[in-house]
Amino acid sequence: MAIFPLRLRDLRYQPNGRAVLAGIDLELGDEGITLVLGPNGAGKSVLLRVICGLVEPSAGSMAWGDEGARRPAQGVMMVFQRPMMLRASVLHNAALGLKPLAVSVAERKRRALAMLERVGLADRADDSAHQLSGGEQQRLALARAWLTRPRLLLLDEPTASLDPSASAEVERIIREIRTDGTRILMVTHNLGQATRLGDDIVFMSAGRVCEHTPVQRFFSRPQSDEARLFIQGELPWRMRFPSP
Amino acid sequence: MSAFAATFSEAVALLATFDHTVAEIVVLSLQVSGGAVLLGTLIGLPLGACIAVGRFPGKTTLSVLINGLMGLPSVVVGVVVYLLLSRSGPFGAFGLLYTPLAMIIAQTLLVIPLMAAITRQVVEDVWQRYAEELQLMRFSWWDSVTTLLYDCRHSLLVAVLAGLGRAMSEVGAVMIVGGNIDRATRVMTTAIALETSKGDLPLAIALGLVLIVLILALNALAFGLRHWAMRRYG
């Protein structure tokens, strides 16, 4: 079953009456990298959690594919800012995503090792995952997700708190995953990264999508005042955190 | 020389000469407690992990019950197992009463709640951190349980040690279902109780020393293993 286009209509998430998502309208096609930008508290990470099904929206609709399925059968993965690492080897962690699938242990290891090769961690396969640096752990998390061949990969600030060289390596892998045919929706605060990686930008503020435009246009001619102020670093506090 | 020092030196002499009676009792104790801890590990650890991971009605009640059963009086377990295994009981036909197997059953029932409660607590803390990612990877409930047990394996040594400590130091239940029969069901704790009441204090102290040394050695081994694992796997 095709999972694209993904259409979100008036999607709301209001725990305890507080509008975290205040009516999201968004449509995603089947290829490219979409960057989600916006100030802290805009609802970016929550949007990813709603899309992957970890959070149930309070109202609105989410339709997958032309058939408009409410939930995708499979093919959606997410990599978190601080990914889970089992107290086990790098290889074991990489192969983890294949455990629920009908894949033999030997085949899991073979595929995981090949994937570690692609993300530059093959020589660390037998080391403990907890001994990896932050950047290496993020690469391992990407490898684990990539190994399941997702159609849509959601990335929640994968390069936050990484140094430039580790970030560059993560960005290289993200580009490869995209080339491999995976649609990517990624939250970032790094505007430079947005210009390097993104095909289009979803700009959010106060739980709403203010604009969804190609990258070049977003930075050269932002359509909304919020986006213009955000790029200039002057988005007022009250617009970031509206009173309930 | 005081009476205490004399008794103590006699006890040490018994150990130094590898007294046959002491050796027999120690071996049986290890077999019974080891068997109970093995069964307790196979049942208690998955049970605790299932409670931690599962979402079902009555989960809180079950958790409270398991915690409460950690302090289960061993004599109560002894009486219940006695009734179940006695000739007129539902399992009387198996003829297990006054055998080491009956003692293993009683001790297993004692250690399961302890091991399950510790496991639930350890696994629940980790589950809160891992739940979302395992859910996204479409892990089944059972896959999650096995993954978490594997991930917590070093911390769960504490649960196993606690079970071993409880089993080895327990006296009431094994006395009732084992009968403390010489060369058949006499273990360290029941022998210590009997020899003390008979006034044979050197044997009682010798067995007590073995018991303490064994528990300390096993704890030291577990501590070393955990320390190594923490350095190896973080």
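Predicted model: local features only at pLDDT ≥ 70, side-chain atom pairs only at ≥ 80, totals over all residues.
The radius of gyration is taken over C-alpha atoms, and the globule rule is 2.2 Å times the number of residues to the power 0.38.

Figure 1. For 244 residues, the rule puts the radius of gyration of a compact globule near 18 Å; chain A has 18 Å, which agrees. The C-alpha trace of chain A spans about 55 × 40 × 35 Å along its principal axes. Chain A holds nine helices and nine strands. Of its 244 residues, 43% are buried. Among chain A contacts between residues at least 6 apart in sequence, 68% join residues at least 24 apart.

**Figure 2. An open three-stranded sheet in chain A.** The strand order is 2-1-4, and the pairing is antiparallel. Strand 2 (21–28) and strand 4 (59–64) are the edge strands, each pairing on one side only. From one strand to the next, the twist averages 15 degrees. In general, strands of a sheet pair through backbone hydrogen bonds, in either a parallel or an antiparallel sense.

**Figure 3. Pairing of strand 1 with strand 4 in chain A.** These two strands of chain A run antiparallel and are joined over five bridges. One residue pair to look for is A:Leu8 with its bridge partner in strand 4, A:Met62.

**Figure 4. Helix 1 of chain A against the sheet strands.** Helix 1 (residues 44–51) lies across strand 1 and strand 2 of chain A. Relative to strand 2 of chain A, helix 1 runs at about 65 degrees.

**Figure 5. A cis peptide bond between A:Phe4 and A:Pro5.** The bond from A:Phe4 to A:Pro5 has omega near 0 degrees. A:Pro5 belongs to the segment before strand 1 (6–13) of chain A.

**Figure 6. Positive phi at A:Ala206.** Although A:Ala206 is not a glycine, its phi is positive, at about 50 degrees. The residue sits in the loop between strand 8 (200–205) and strand 9 (208–214) of chain A. A:Ala206 counts as buried because 20 other C-beta atoms lie within 10 Å, and the cut-off for a buried residue is 20 or more.

**Figure 7. Positive phi at B:Arg138.** In chain B, the loop between helix 5 (100–136) and helix 6 (141–151) contains B:Arg138. Phi of B:Arg138 is near 60 degrees, again a positive value in a residue other than glycine. With 14 other C-beta atoms within 10 Å, B:Arg138 is partly exposed.

Terms used: Residues numbered from 1 in each chain as written. Chains lettered and ligands numbered in written order. Helix = DSSP H or I, 4+ residues; strand = E, 2+ residues; numbered from the N terminus. Buried ≥ 20, exposed ≤ 12 C-beta atoms within 10 Å, placed from the backbone. Pairing = 2+ DSSP bridges. Axes fitted to C-alpha atoms, helices over the stretch in contact; angles between N-to-C directions. Contact = placed C-beta atoms within 7 Å.
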